[in-house]
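Let's take a walk through this structure together, one piece at a time. Keep the picture open while you read.

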Amino acid sequence: MPFLSHSTPLPPSLLFHQKNYSQQESSKPEDAIHLTENCIRRMRELHAKEISGGEQMLRLSVETGGCSGFQYVFLLDDMQNPDDRVFEKDGVKLVVDNISYDFVKGSTVDYVEELIRSAFQLFSSKKWIGV
Amino acid sequence: MQRFSLRHSNWWNLNRVYFRVPSSTTAIASFHSGEEEPRNPNPNRPKTLRDVDGPLACLLKNRGVIRFDGPDTIKFLQGLLTNDVRSLAFQNGQGEIKSSSVPTPNQLLKYAPPVYSALLTPQGRFLYDLVLYRPPLPSEKLDRTGSGPGASSSSQSTPLFADVDASLLDELLDCLKKYRLRAKVEMEDMSKEYACWQCFGGNLSDKSSLDEEPDAASIGWGGSVDATGLSAAEGNNLGWRWYKDPRLTSLGFRGIFPSKTVPPLVESDKEVEEEHYLLWRLEKGVAEGSTEIPKGEAIPLEYNLAGLNAISFDKGCYVGQESVARTHHRGVIRKRLMPLKFVNKRDEEAEEKWVAPKSEVVDVKSDKKVGTVTTAMGCLGMGLVRVEDALFGGGLLGIRGEEDVRVKVIRPDWWPLEWVQQQQQQSATA
């Protein structure tokens, strides 16, 4: 799925949210990652196409690279790791590993269809800080 | 080592005192050490390297060694550093072909040349520089009997070594660890086990076509060169070898060797203090390390990092890439790091005058600032100077506050022609 391998620089506002990787911290409701209607619809479409029948999850991870140092990547994954956080809405699962979660908490995953590309995108609900 | 000591056995036991000068790092004042007052130069300090014959070698105490290991090493560094590091990732059977056609027990037939690169801030300012090396794996070399490859290691990844500014090594490691996230990369300080060496000067720079050390090139019987012996002589028995400096041919050779050993081909009377290497770089206008290239402030292109093969413009995204690519493709670089020579009014080398780093270079007539001294040692230095004023202005240059010091800006001979032509056209139209 070529559109999934696209990696995008992390929104600048999220770059400053890297805290100590405190796993004990209970996830506050405002730190949860939200899925939009578009995102859920697209995941359902992908599930419908899936021949194997396994319900694949959308994995969001943050990695090194990109112009500002970090970028996010979406992958379809059917494995869940012990350090993953799972966000579920209407049967669609988004998994984020603990380290990446510190960067993306409180943001929203959307699926946008544009002329230039159709892709999952990450939006931060917090106010963007210019670089 | 055997072949080498045959030639130099007379010198082998000489005390290493010939070119030794008392180590006086205080004499090398640099950009950021504001508290360093100009002081009397060390009388033994080298003045010029012009009359030195034969290549000199020195242990670079200012450089520490980091080891990267893990399956994600190349991907991790590729996303961070300014240069393309994929060339270091080759598997068996690829790599650059060496002139020697016969592999030797200690050396490879093919090897990856080292890569010079830098880590920038997201805004494109210089932070740290690294020279990355890929040591040969045992499975890529012949074993001691020469009859087959050495034992293959179980791990798939190849470790990489990097020489970095020793004073900021811990800071660099912290910075890299911040970027590591989930990448499978281990980084550790190996400065105790390994040291970085440079071999430069003499006729090394003239032999631009040769990829090998001149001393190594003389190995063999009369009239012919023993290619196998040559490649064996450049490395030690563990496969650590001299590489051509990835920046400039005239900088000679560089390599990482186990500490407390002297690299192959270093003659005992030609082992010198690091100041000689600084002097050599001052003459070429090549800065190195986060002190000479001010950390967090320096714009990489002004410090000529593109010309020193530190920046790849087609590798894709890395930290700070936007600013570097935009300036390179769209902008004009008005200021560049250039070698400076401090003379007095009678055009003699102003040995008694000691110019402090951070001094301003000014046009004597108009008193307009044209640049800043970044590094100085004796009558030589480097400074970030406006190219137009320095090369085409025609005015006398001096140091602000130092009435009797004149500054001569030298255009290094390794500079590409475009760097100067660009400015020439600008000043012609102005």
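Start with chain A and trace it from one end to the other: the order of its elements is α-β-α-β-α-β-β-β-β-α-β-β. Count them up and you get four helices and eight strands. Keep in mind that you're looking at a predicted model. Of the 131 residues in chain A, 48% are buried. And what about contacts within the chain? If you take those in chain A with a separation of 6 or more, 62% are between residues 24 or more positions apart.

Now look at where chain A meets chain B. Here 18 residues of chain A are in contact with 17 residues of chain B. Together the two chains bury about 1,200 Å², and 61% of that is on carbon and sulfur atoms. There are charged partners too: three salt bridges cross the interface of chain A and chain B. You can find one by looking for Glu63(A) and Lys75(B), whose closest N and O atoms are 3.4 Å apart. That distance counts as a salt bridge because the cut-off is within 4 Å. As for polar contacts, four residue pairs make them between chain A and chain B, with both residues at pLDDT 80 or more.

Which elements of chain A give two or more residues to the side that touches chain B? They are β3 (57–64) and α4 (98–104). Sort the residues on that side of chain A by type, and you get seven nonpolar, eight polar and three charged.

Next, hop over to chain B and find strand β7, residues 126–133. Is this strand mostly covered or mostly open? It's mostly covered, with eight of its eight residues buried. On one pairing, β7(B) runs antiparallel to β6(B), over six bridges. Within β7(B), Tyr128(B) stands opposite Leu119(B). The hairpin of β6(B) and β7(B) has five residues between the strands, and Gly124(B) in this hairpin takes a positive phi near 90 degrees.

Strand β7(B) also pairs with β8(B), residues 160–165, again in the antiparallel sense, this time over four bridges. Look for Tyr133(B) there: its bridge partner in β8(B) is Phe161(B).

Finally, find helix α8 of chain B, residues 321–330. Its buried residues are Gln321(B), Ser323(B), Val324(B) and Ala325(B). What covers them?

Key. Residues are numbered from 1 along each chain as its sequence is written. Chains are lettered from A and ligands numbered from 1 in the order in which they are written. This is a predicted model: local features need pLDDT of at least 70, side-chain atom pairs count only at pLDDT 80 or more; totals for chains, interfaces and linings use all residues. Side-chain values use heavy atoms; hydrogens and water are left out. Contact means heavy atoms within 4.5 Å. Buried area is the accessible area (1.4 Å probe) that two parts lose on being put together, summed over both. A salt bridge is a side-chain nitrogen of Lys or Arg within 4 Å of a carboxyl oxygen of Asp or Glu. A polar contact is a pair of N or O atoms within 3.5 Å; within protein, one must be able to donate a hydrogen and the other to accept it, and residues adjacent in sequence count only if both atoms are side-chain atoms. Ala, Val, Leu, Ile, Met, Phe, Trp, Tyr, Cys and Pro count as nonpolar, Asp, Glu, Lys and Arg as charged, and the others, Gly among them, as polar. Buried means under 20% relative accessible area, exposed over 50%, partly exposed in between (1.4 Å probe, protein chains only). Two strands pair if DSSP finds at least two bridges between them.
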